[in-house]
Amino acid sequence: QVQLVEFGGGLVQAGGSLRLPCTLSGRTFTSSVMAWFRQAPGREREFVAAIGWFGSTIYYADSVKGRFTISRDNAKNTAYLQMNSLKPEDTAVYYCAADPQLKRTGNYNYWGQGTQVTVSS
């Protein structure tokens, strides 16, 4: 059974930072593209970032480019989303996702339960 567990969300002031780890089990990590999506209240889920099997290919949404960094540690079966210079509009539930293919669309095969990130102004 494939399982994704994200944690590290919370409340932070604008301009602050958070790091979200996501651990994958039940599937070979080095054959899994890892990605982050987010969904704010009343809005559709949107792509944030994705990283290829060995980290050589990375995609970012324009809204987070230069502020967020996605990375992975294949020895720990864990992907990370480092979020800096956070803005109130970054407030959302953040979801970790995994799939064999690297893509910006939301049709990933596996999803975590989500973690809430709230940025206060």
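A salt bridge is defined here as a side-chain nitrogen of Lys or Arg within 4 Å of a carboxyl oxygen of Asp or Glu. The analysis concerns a predicted model, in which local features require pLDDT of at least 70 and side-chain atom pairs are counted only at pLDDT 80 or more, whereas totals for chains, interfaces and linings use all residues. Residues are numbered from 1 along each chain as its sequence is written, and side-chain values rest on heavy atoms, with hydrogens and water left out.

Under this criterion, five salt bridges are counted. A network of salt bridges links Arg38, Glu46, Arg67 and Asp90. Within this group, Arg38 and Glu46 pair through their side chains at an N to O distance of 2.6 Å. Accessibility was classed as buried (under 20% relative accessible area), exposed (over 50%) or partly exposed (in between), with a 1.4 Å probe and protein chains only. Arg38 is buried because its relative accessibility is 5%, while Glu46, at 29%, is partly exposed.

A salt bridge also joins Asp90 to Arg67, with 2.7 Å between the closest N and O atoms. This pair connects distant parts of the chain, 23 residues apart: Asp90 lies in the loop between β8 (78–83) and β9 (92–99), and Arg67 in the loop between β6 (58–60) and β7 (68–73). Strands (E, at least two residues) are DSSP runs numbered from the N terminus. Both Asp90 and Arg67 are buried.

A further salt bridge is formed by the side chains of Lys103 and Asp99, at 3.2 Å from N to O. Lys103 has a relative accessibility of 15% and therefore counts as buried; Asp99, at 2%, is likewise buried.

Key
Helices (H or I, at least four residues) and strands (E, at least two) are DSSP runs, numbered from the N terminus.
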